[in-house]
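Me: I would like each label applied to this model set against its criterion. Please give the cut-off once and then conclude.

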Amino acid sequence: MKLKKQVTVCGGAIFCVAVFSLYLMLDRVQHDPARRQNGGNFPRSQISVLQNRIEQLEQLLEENHQIISHIKDSVLELTDTGAVSPSGQLPFRSANGSWVLPFDGRPTFLSVKPQDCQFALGRRGQTDLQMLDVYSLLSFDNVDGGVWKQGFEITYEPTEWDNEPLQVFVVPHSHNDPGWVKTFDKYYNDQTQHILNNMVVKLAEDPRRKFIWSEISFFVKWWESADAHKQDVMRKLILGGQLEIVTGGWVMTDEANAHYFAMIDQLIEGHQWLEKNLGVTPRSGWAVDPFGHSATMPYLLKRANLTSMLIQRVHYSVKKHFSSSRSLEFMWRQAWDPESGTDLFCHMMPFYSYDVPHTCGPDPKICCQFDFKRLPGSRVNCPWKVPPRAISDANVAERANVLLDQYRKKSKLFRSKVVLVPLGDDFRYDKALEWDQQYVNYQKLFDYMNSHPEMHVQAQFATLTDYFSAVYKANGVAQGQRPPGYPVLSGDFFAYADREDHYWSGYYTSRPFYKNLDRVLESHLRGAEILYSLAVAHARHAGMEGRYPTSDYSLLTDARRNIGLFQHHDAIAGTAKEAVVIDYGTRLLRSLIGLKRVIINAAHFLIMKNKDVYRFYQTEPFLETDDRRATHDSLPQQTLIELDSSPRYLVLFNPVEQERLCVVTVLVNSARVRVLTEDGQTLPVQLSAQWSSAVQMSGEVYQASFMARLPALGLAVFHLYDSVDSPMTLRSDTLLRLPGRSQSVRGIDPLPVRSQVADPQPFYIQSQSLTLGFSGTTGLLESIRRKDDPQEVRVQIQFFTYGTRPSKDKSGAYLFLPDGNAKPYTQRDPPIVRVVEGPLFAEVVTYYQHFQQTIRIHNVPGVDGLSLDITTMVDIRDQTNKELAMRLLTDIQSEDTFYTDLNGFQIQPRRYLQKLPLQANFYPMPTMAYIQDSQYRLTLHTGQALGVSSLASGQLEVILDRRLMQDDNRGLGQGLKDNKRTANRFRLLLERRSSSNELLGPVSFPSLLSHMTSAILNHEVLALPVIPKKRGVPPLRTFSPLAAALPCDFHLLNLRSIQNQVNLHTSAALFLASSTTEVGKCLAVSALFRGLDLQLLQPMSLTLMYSAAPLSNSSIISLEPMELSAFKLKLR
């Protein structure tokens, strides 16, 4: 500090001496007559120029003097209050015009060792089937295959089963959507409760009858209203093996848009309920309806100790290819796995659908005749015009032979002589009659087949695990082991097409408002879980369990279940009817309000300096929420903090597991705001206007932005005042670039506004890390230059629109069927552009008719200052059959390759394929997509799932919203006409690449900086104002829960409180994820949580159903790269 002062003083002295010397020299030139005579070649014009310069210098000196005295005053003033800003300085502008912030000098970057990146560069295990290669290989020609339209003719020799009979496993099922064309409750009341009530009666009639059930959300609702007798019968059916619970998740999750946090959470919610109420542990996964399949799913199921899985909705060309090579059953391996530790046995259904006509064999016309719900007189018939016939002694021989032919043909597509035949459809078996029609008729067929040895078949009703067990047994391997000769596959199954060029790539974006709300909920749920677990543990530690509101646990349960429900493949997908969307939205809003309450109640307890004075009143919350949403479909309104001369306390919650240095913006009612840290240091504040329109600012509300250093997962306390003297509060400089027409723009004291007529010249904003160039014409981003790079990189943002086809098939909620390439977005008038600059952030806001884009850069060291914060507010409610796209154009030589994430968990390389239609080249982007060459990587991080592609080298394109006026013939019966004003949130990160040795392989990884950027985008700081109290606010202090920093490549996925049978919170589950770094990263859990004792540390399976032996409390746990691990903890 002293050294800095000395340098400043010396520098000032030298400057003054130099100016004074210059003065003296000039003085001599002007007054030396001799010099004038004999050296008269010094022209007067130059002297007058010099005099002007000197006058300017004098003026600068005077201004400098004023600034120095101002700083002196503020330093004196700060010294009086005992407060000093981090280095006792105000922010100041450097010679090049950029703002320099005083900084406390503590490190803000993550330390990374070179060996940390070895895993990312290491060799991968080889797989027989790499989906990237399969896509390159296939011709996607859609040749007519005869009765199996999308396949080929299947033939067999009648003697093939003479030595080893065909084993047929018919698996009755009913696919229950927890919301689609009806709401969850309406489906339950109309159909699902009857299915489960009939199941109890009908399965009990014959022990040979079997059934599988998947959606635990419905099952729980039924269980809670069932009497003890029904519950008992159901429990016996499950424990006796007649009814199998498959997957066991709260829902059958969407796999394109869902984040892995929520996928795991809904799986835990289902599994924990099953374990607590039935003592059941699911063994097989069943996913017949998600619209494409992600490689994340087998990994999660594997970590939950499931041994097998089944998938159905895969591109018809891929199904045909796998059928012809008998590769429909394979070990699904993670692309990043160097060994076989992540392998999970997977069965792919070969035909078009999971309904009865497409499951008994290749000919739907024949299979439909064995769907006995469609017997004449039923409301459902067979489109192929041949109805089923009831089985009688007279026709059983002929019918059994016809059916066996289909079973044999289907079996020819697989490697074992065991065949799986699902028997069901959406909401089937809701009437007792159907149970009789299916089970009685099929039993007659099975009895006939099994009593005729010359047919060489053994047929029976079965559960899914019965089938898988038979496959393992036939191959002589243990459950879940790789049968000899079966292929190993890596990759995923997007995009899905069910026929022709009908690609289901529209739902990656459909209803983006709710896709965004979902992620806000997930971040709140994680934050609430962590704070609740810590608060309960600290209350127990202080002997205050009885005084803490543990009733908040019911709010956590409600939120887990509503967020779980929304992961359903018609919910987050955006493919439900409008009334159902409203139901989902209402549930999500209710849970969001509940979670904010849990967070506030936990924060209240944790920040109390003296816990003895802690009092909880249900009706008097201690803190306000950070924002409010008036309705489920409105944007959040930030809470206004009303200031006066007594302090208002503000608590900031950082949900990220790393210390965070960031800019926080709050709304205040006074321009004279002053912000102090907990220990009384005054912080620099950037004061900006709150704008009610492009040119209108609010006179009552101001934005106050300040830089805060927040503890990992912690709560920091700040004081805000309305202070007459607030020298550290600096005003933003605002410029409005207006189109040629006259527009009245008035600043409101004390925030002036300059305006100018926009010119085509590019303009720039900068921070200490970045300089951004913008087009003078469009007001949109043109270039990025990093501080450490002399090169300005072209990164242009442009907007485009897609229409839909004029012919019969048009885009809808599921399908993207564009009418050719996108057209540039145009509007008659040039946009209004607002440029705001100041010491903490600079931003450019561009107003177009259907969107407004805000690009902001933060002038802080560390992660927060290295990327562009982008918010695109979209409103296309006046459009007809239009989709709005944002395209990034760069000079990055990415060729035909780009990278998208799967579920926020891993990266999947993609290749733009010319042979496929445009819509087939779009992929889900739950959290990020990037393009790269040997020099740069450009990553678009997203705060909501959207569809993305790279249609040309150096491009990334994301669909922001879709408004479609018609149904796309997939059962919904509606278009997408309920668009909302939607805020799409992004972070754009440009990184230099040091090594270009990453060729297009089956695997790629985000950088650590990228992981952290994604974390700060998806887990925003919550600013919670303390409500003023009549009796005054008791002393508060910052809460820093972690005693030691987590390794920067560890992500604390959750700290989930577990209720035992008597509803006591004695334990919590810690979920950790490791990103791609050095093998075997370590963590000492016993020393992790400050002020708490660790009493139990027990490794668990991912959904807590299986446990290993407890570790000693001082154990160090280590995670392999990409590993997800769960531990049961007892903290007190």
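Reply: Cys360 and Cys367 are both buried, in the sense of a relative accessible area under 20%, where over 50% is exposed, anything in between is partly exposed, and the area is taken with a 1.4 Å probe on protein chains only. This is a predicted model, in which local features need pLDDT of at least 70 and side-chain atom pairs count only at pLDDT 80 or more, while totals for chains, interfaces and linings use all residues. Residues are numbered from 1 along each chain as its sequence is written, and side-chain values use heavy atoms, with hydrogens and water left out.

Me: What makes Cys360 and Cys367 a disulfide?

Reply: The criterion is a pair of cysteine sulfur atoms within 2.5 Å. The sulfur atoms of Cys360 and Cys367 are 2.0 Å apart, and the pair is therefore counted as a disulfide. In general, a disulfide is a covalent bond between the sulfur atoms of two cysteines.

Me: Why is the disulfide of Cys360 and Cys367 called left-handed?

Reply: The torsion about its S-S bond is about -90°, so the disulfide of Cys360 and Cys367 is left-handed.

Me: How many disulfides does the rule give, and in which pattern are the cysteines bonded?

Reply: The count is 2 disulfides. With bonded cysteines counted along the chain, the pattern is 1-2, 3-4. One of the pairs is Cys368 and Cys382, with sulfur atoms 2.0 Å apart. Its S-S torsion is about -100°, so this disulfide is left-handed. Cys368 and Cys382 both lie in the loop between α12 (364-367) and α13 (396-411), so the pair ties together parts that are 14 residues apart in sequence. Helices here are DSSP runs (H or I) of at least four residues, strands are E runs of at least two, and both are numbered from the N terminus.

Me: How do you know whether Cys368 and Cys382 are buried or exposed?

Reply: Cys368 has a relative accessible area of 0%, so it is buried. Cys382 is at 7%, so it counts as buried. Two further cysteines can be judged by that cut-off: Cys346 is buried at 0%, and Cys662 is buried at 5%. Across the protein chain of 1132 residues, 61% count as buried.

Me: What places Ile391 among the buried residues, and which residues is it in contact with?

Reply: Its relative accessible area is 3%, so Ile391 is buried. Ile391 lies in the loop between α12 and α13. Contact means heavy atoms within 4.5 Å. Leaving aside neighbours within four places in sequence, Ile391 is in contact with Phe372, Val396, Arg399, Asn441, Lys444 and Leu445.

Me: Why are β20 and β45 said to stand at the edges?

Reply: Two strands pair if DSSP finds at least two bridges between them. The open sheet of 5 strands has the order β20-β19-β23-β17-β45, with antiparallel pairing. β20 (682-683) and β45 (1022-1025) each have a single partner strand, so one side of each lacks a neighbour in the sheet. β17 (residues 648-653) is joined to β45 by 4 bridges, which meets the requirement for pairing. Among the residues involved, Leu652 has Ala1023 of β45 as its bridge partner.

Me: Which strands stand at the edges of the sheet of 11 strands?

Reply: That open sheet has the order β26-β25-β32-β33-β34-β35-β44-β41-β40-β37-β38, with mixed pairing. β26 (753-757) and β38 (906-911) have a single partner strand each, so they stand at its edges. The twist averages 20° from one strand to the next.

Me: At what angle do α17 and α18 pack?

Reply: Helix α17 (residues 553-566) and helix α18 (residues 578-607) pack at about 145°, their axes 9 Å apart. The axes are lines fitted to C-alpha atoms, for helices over the stretch in contact, and angles run from 0 to 180 degrees between N-to-C directions. The contact includes Leu555, Leu556 and Phe566 of α17 and Tyr584, Leu588 and Val598 of α18. By class it has 10 nonpolar, 3 polar and 4 charged residues, where Ala, Val, Leu, Ile, Met, Phe, Trp, Tyr, Cys and Pro count as nonpolar, Asp, Glu, Lys and Arg as charged, and the others, Gly among them, as polar. α18 also lies across β17, β23 (715-722) and β45, at about 90° to β23.
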